[in-house]
Amino acid sequence: MTTRWLTPQEQRAWRAYIGATLLLEDTLDRQLQQEAGMPHMYYSILANLSEAPERRLRMTDLAERLKITRSRLTYAVTRLEKDGLVRREECPRDKRGSVAALTDEGMTTVERVAPGHVATVRATLFDHLTPQQVGQLEEIFTEVAQALQDADAGGAAGDVPWRRRSSPCS
């Protein structure tokens with residue numbers, strides 16, 4: 001099989017993407033550790049639950065939104081439960097599954113931390129882009145994510161994280 005090497009332009013774009021995403025994630029993690037004592041992933045769980053109906057989501061749905069494995073989500077939710085920010089409930093449709101629910105304390109945490117988080121996202125990403133570039137960024141990454149998910153559905157690529165060991169509610 002012949003390797004399709006990246007062109008010089010593709011290589012520059014790839015390295016710029018990798019560098020920017022690593023720096024952005026590091027910046028967000030540091031900001032959230034300082035303000036809330038939690039990594040970006042944990043804040044993302046809280047934020048997603050705060051936007052969900054009744055502040056509840058099936059664990060599999062939450063994993064899909066976050067694009068992570070269910071085992072990684074379970075670990076994070078367990079930590080957030082210990083901190084009183086999230087609680088797990090039985091899935092009403094399948095007693096084997098579970099639902100993550102944001103507690104009042106978790107909602108208070110989101111409301112307290114969100115302004116600083118949004119300011120950091122704005123300062124580190126969106127303040128450097130034109131409105132046209134923001135649209136392009138959304139279009140590019142929506143396309144990439146959809147292609148990866150479509151490839152998985154057809155069995156052509158590796159499985160997407162949230163579908164691993166799937167069951168009706170967890």
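The structure is a predicted model, in which local features need pLDDT of at least 70 and side-chain atom pairs count only at pLDDT 80 or more, while totals for chains, interfaces and linings use all residues. Residues are numbered from 1 along each chain as its sequence is written, and side-chain values use heavy atoms, with hydrogens and water left out.

**Overall make-up**

- The protein has six helices and three strands, which are DSSP runs numbered from the N terminus (helices H or I, at least four residues; strands E, at least two).
- Read from the N terminus, the order of the elements is α-α-β-α-α-β-β-α-α.
- The protein has 170 residues, of which 32% count as buried (under 20% relative accessible area, with exposed over 50% and partly exposed in between, for a 1.4 Å probe and protein chains only).
- Among contacts (heavy atoms within 4.5 Å) with a separation of 6 or more, 57% are made by residues 24 or more positions apart.

**Helix H1 against helix H5**

- H1 spans residues 8-36 and H5 spans residues 104-124; the two pack at an angle of about 155 degrees, and their axes are 10 Å apart (axes are lines fitted to C-alpha atoms, for helices over the stretch in contact, and angles run from 0 to 180 degrees between N-to-C directions).
- The crossing of H1 and H5 is right-handed (the near helix is turned clockwise from the far one by less than a right angle; anticlockwise gives a left-handed crossing).
- On the H1 side, the contact is made by Leu-24, Thr-27, Leu-28, Gln-31, Leu-32, Glu-35 and Ala-36. H5 contributes Arg-112, Val-113, Gly-116, His-117, Thr-120, Val-121 and Thr-124.
- Six of the residues in this contact of H1 with H5 are nonpolar, six are polar and two are charged (Ala, Val, Leu, Ile, Met, Phe, Trp, Tyr, Cys and Pro count as nonpolar, Asp, Glu, Lys and Arg as charged, and the others, Gly among them, as polar).

**Helix H2 against helix H5**

- The axes of H2 and H5 come within 10 Å of each other and cross at roughly 115 degrees.
- H2 is thus roughly perpendicular to H5.
- H2 and H5 cross in a left-handed sense.
- From H2, the contact draws on His-40, Tyr-43, Leu-46, Ala-47 and Ser-50. From H5, the residues are Met-107, Thr-109, Val-110, Val-113, Ala-114 and His-117.
- Seven nonpolar and four polar residues make up the contact of H2 with H5, with no charged residues.
- Val-113 and His-117 of H5 are among the residues that touch H1, and both are also listed in the contact of H5 with H2.

**The sheet**

- Three strands form an open sheet in the order S1-S3-S2, with antiparallel pairing (two strands pair if DSSP finds at least two bridges between them).
- Strand S1 (56-58) and strand S2 (86-91) are the edge strands; each has a single partner strand, so one side of each lacks a neighbour in the sheet.
- From one strand to the next, the twist averages 30 degrees.
- S1 and strand S3 (residues 94-102) run antiparallel and are joined by three bridges. Arg-56 stands opposite Ala-101 in S3, and Leu-57 has Ala-100 in S3 as its bridge partner.
- S2 and S3 also run antiparallel, with six bridges between them. In S3, Val-99 is the bridge partner of Glu-89, and Leu-102 is that of Val-86.
- A hairpin of two residues connects S2 to S3.
- Seven of the nine residues of S3 are buried, so S3 is largely enclosed by the rest of the structure.
- Helix H2 (residues 40-51) lies across S1, S2 and S3, and runs at about 95 degrees to S3.

**Loop residues with positive phi**

- Most residues other than glycine have a negative phi.
- Glu-54 is not a glycine, yet its phi is positive, at about 55 degrees. Glu-54 lies in the loop between H2 and S1 and is exposed, with a relative accessible area of 64%.
- Lys-67, also a residue other than glycine, has a positive phi near 60 degrees. Lys-67 is in the loop between helix H3 (59-66) and helix H4 (70-82), and at 42% relative accessibility Lys-67 counts as partly exposed.

Note on methods: Angles under 35 degrees count as roughly parallel, over 145 as roughly antiparallel, 65 to 115 as roughly perpendicular and the rest as oblique.
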